[in-house]
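Here is a short briefing to read alongside your model. Have the sequence and the 3D view open as you go.

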Amino acid sequence: MAERRRRRRAPEQSREEILDAATELIARHGPNGVGLRRVADAVGVTHGLVTHYFGTYDALVQAVLRRENERQRERLRERMRADQGVPYSEGMTRVLFETLADERYVRLWAWSMLHAEGPGSVSEGLSGFVDAMEAGIRIVLPADRMPDRARIEAVVLLGLSASYGFALGKRSWLTGLGHDPAEPAHEAAFRTALASVLAGHLEGKS
């Protein structure tokens with residue numbers, strides 16, 4: 001196959017195209033199956049240009065994760081705004097599942113945690129997710145019903161644990177229970193049950 005013709009790009013355009021290509025490749029092959037040179041080839045730029053913008057492959061994956069985290073936070077904010085007058089737990093849980101039951105995002109997040117040398121984008125992303133959730137709940141609930149930060153954090157941790165566990169284990173677990181793991185109704189039922197549990201804890205119910 002002939003080498004892709006390289007073209008001039010503005011610096012910000014080049015950076016975004018590199019992130020787009022890295023995100024797509026990681027989605028298909030997982031973080032360990034890609035690398036800087038493969039990303040450069042996909043974009044049609046030199047390996048040195050990717051290194052210029054991101055330094056190392058670990059830094060590139062962290063940049064992809066930061067961008068994905070911001071996209072997910074904005075989705076959460078949009079969902080909270082849209083759910084005024086609607087039980088907010090259902091919308092919040094839907095966003096959690098759309099985010100955390102996404103196998104691409106699960107792989108990316110897990111890889112980042114395993115390779116992080118310090119707090120990095122993993123903790124920053126989680127803290128930002130809680131910030132977005134807290135801001136969204138303030139839109140929906142009056143001040144006298146607003147849960148405190150610790151309760152919101154507990155709900156996020158519960159949601160993360162349940163969503164990650166379900167994303168990683170649903171195929172074998174549902175098969176073991178005699179269900180078809182490809183049937184959407186099973187995920188919908190689990191999501192509804194989880195939403196009820198999270199809503200109860202947010203509202204301080206026993």
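**Helix crossing and ring pairs**

Helix α2 passes helix α3 in a right-handed crossing, meaning that the near helix is turned clockwise from the far one by less than a right angle. This is a predicted model, where local features need pLDDT of at least 70, side-chain atom pairs count only at pLDDT 80 or more, and totals for chains, interfaces and linings use all residues. Residues are numbered from 1 along each chain as its sequence is written, and side-chain values use heavy atoms, leaving out hydrogens and water.

**α2 against α3**

- The axes of α2 (residues 36-43) and α3 (residues 47-54) come within 8 Å and cross at roughly 110 degrees.
- That makes the two helices roughly perpendicular (65 to 115 degrees).
- Leu36, Arg37 and Ala40 in α2 meet His47, Val50 and Thr51 in α3, with contact meaning heavy atoms within 4.5 Å.
- By type, the residues of this contact are three nonpolar, two polar and one charged.

**Aromatic pairs**

- The structure holds two aromatic pairs, counted when ring centres lie within 6.5 Å.
- In the pair of Phe166 and Phe190, the ring centres are 4.4 Å apart and the planes lie at 10 degrees, so the pair is stacked (planes under 30 degrees apart).
- Phe166 sits in helix α8 (residues 149-176) and Phe190 in helix α9 (residues 184-202), so the pair ties together parts 24 residues apart in sequence.
- Phe166 is buried, at 7% relative accessible area (buried means under 20%, with a 1.4 Å probe and protein chains only).
- Phe190 is partly exposed, at 30% (between the buried limit of 20% and the exposed limit of 50%).

Methods: Axes fitted to C-alpha atoms, helices over the stretch in contact; angles between N-to-C directions. Helix = DSSP H or I, 4+ residues; strand = E, 2+ residues; numbered from the N terminus. Parallel < 35°, antiparallel > 145°, perpendicular 65-115°, else oblique. Nonpolar A, V, L, I, M, F, W, Y, C, P; charged D, E, K, R; others polar. Phe/Tyr/Trp six-rings, centres within 6.5 Å; stacked < 30°, edge-to-face > 60°.
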